[in-house]
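Subject: Handover of the structure and notes on it

Dear colleague,

Please find below the structure that I am passing on to you, followed by my notes on what was found in it. I would be grateful if you could read the two side by side.

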Amino acid sequence: MNPSHVFKRTSWLFLLKGVILSLAAALFLPHAAKAQADSERVPPPQTYEQDEILQTGHQFFGSVSGGLASVVERAFSQYGKPNGYILGEEGSGAFVAGARYGEGELFTRNAGTHKVFWQGPSVGWDFGADGARVMMLVYNLPRVDDIYERYLGVNGSAYLVGGVGMTVLKYYDVYVVPVRAGVGARLGVNLGYLKFTDRPTWNPF
């Protein structure tokens, strides 16, 4: 065999091998580097820990938060970690039929803070009046705009201990758990709902 032919054939093989390796590096190395970078990047937490909510609640309610730990523990045990919470004030009154109005701010880790208002009617075994601060734990909220819906009360969810009360509202898979202390802890077995809006309104419906 002619040595020059052997040399040319070997050169083509080396050249072809070099092209294949270059293509492989161009195609796969950036993806591998990206995958490694993604695996090393720790995403920021989107939910709130129980201790964070307790600390916020104690600061928010002050001296009337005696039973807050038990109520928050119950909420976490039943629904897990919230990915948002609302701090605000509200007033309500009822004699069989009633209405509740409130306003506050929705806090989230990944979407900032947003002003919210709520109002809603209630009917059932529910008597009295109150005006108080309220903290609402929000679960499974996919985006901020989804808070602006009507949330129905979950039957049998009322819970009261140490002057702090908790109820549960639901809209599809999103749960809102209002926590009230002191005179705001009035609980009633009712068929009401809360309608959340981005601006105040006197229409509870």
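**The chain as a whole**

Of the 205 residues in the chain, 38% are buried, where buried stands for a relative accessible area under 20%, exposed for one over 50%, and partly exposed for values in between, with a 1.4 Å probe and protein chains only. Please keep in mind that this is a predicted model, in which local features need a pLDDT of at least 70 and side-chain atom pairs count only at pLDDT 80 or more, while totals for chains, interfaces and linings use all residues. Residues are numbered from 1 along each chain as its sequence is written, and side-chain values use heavy atoms, with hydrogens and water left out.

The chain holds three helices and nine strands, with helices taken as DSSP runs of H or I of at least four residues and strands as runs of E of at least two, numbered from the N terminus. Read from the N terminus, the order of these elements is α-α-α-β-β-β-β-β-β-β-β-β. Among the contacts with a separation of 6 or more, 66% are between residues 24 or more positions apart, a contact being heavy atoms within 4.5 Å.

**Helices H2 and H3**

Helix H2 (residues 50–61) and helix H3 (residues 68–79) have axes that come within 10 Å and cross at roughly 145 degrees, where the axes are lines fitted to C-alpha atoms over the stretch in contact and the angles run from 0 to 180 degrees between N-to-C directions. On the H2 side the contact is made by Gln-50, Ile-53, Leu-54, Gly-57, His-58 and Phe-61, which meet Leu-68, Ala-69, Val-72, Glu-73 and Phe-76 in H3. Sorted by class, this contact of H2 with H3 comprises seven nonpolar, three polar and one charged residues, given that Ala, Val, Leu, Ile, Met, Phe, Trp, Tyr, Cys and Pro count as nonpolar, Asp, Glu, Lys and Arg as charged, and the others, Gly among them, as polar.

Strand S7 (residues 174–181) is largely enclosed by the rest of the structure, because eight of its eight residues are buried. In a regular strand the side chains alternate between the two faces of the sheet. In S7, Val-174, Val-176, Pro-178 and Arg-180 point one way and Tyr-175, Val-177, Val-179 and Ala-181 the other way, and all of them are buried.

Strand S5 (residues 164–166) runs antiparallel to S7 and is joined to it by three bridges, pairing being assigned if DSSP finds at least two bridges between two strands. Within that pair, Val-164 stands opposite Ala-181. Strand S6 (residues 169–171) also pairs with S7 in the antiparallel sense over three bridges, and there Leu-169 has Val-176 as its bridge partner.

What is the relative accessible area of Pro-178? For this residue of S7, the value is 1%, so Pro-178 is buried. Leaving aside residues up to four places away in sequence, Pro-178 touches Val-134, Met-135, Met-136, Gly-165, Met-166, Thr-167, Val-168 and Leu-169. The C-alpha atoms of Pro-178 and Leu-137 are separated by 6.4 Å, although these residues are 41 residues apart along the chain.

The hairpin of S6 and S7 has two residues between the strands, and in it Tyr-172 takes a positive phi near 55 degrees. With a relative accessible area of 65%, Tyr-172 is exposed. Asn-140, in the loop between strand S2 (113–139) and strand S3 (150–153), likewise has a positive phi, of about 60 degrees, although it is not a glycine. Its relative accessibility is 49%, so Asn-140 counts as partly exposed.

**Strand S9 and the segment after it**

Strand S9 (residues 193–197) is mostly covered, as five of its five residues are buried. On one side these are Tyr-193, Lys-195 and Thr-197, and on the other Leu-194 and Phe-196. S3 and S9 pair in the antiparallel sense over three bridges, with Leu-194 as the bridge partner of Tyr-151.

Trp-202, in the segment after S9, counts as exposed at 74% relative accessibility. Trp-202 and Tyr-101 lie 101 residues apart in sequence, and their C-alpha atoms are 8.2 Å apart in space.

With kind regards
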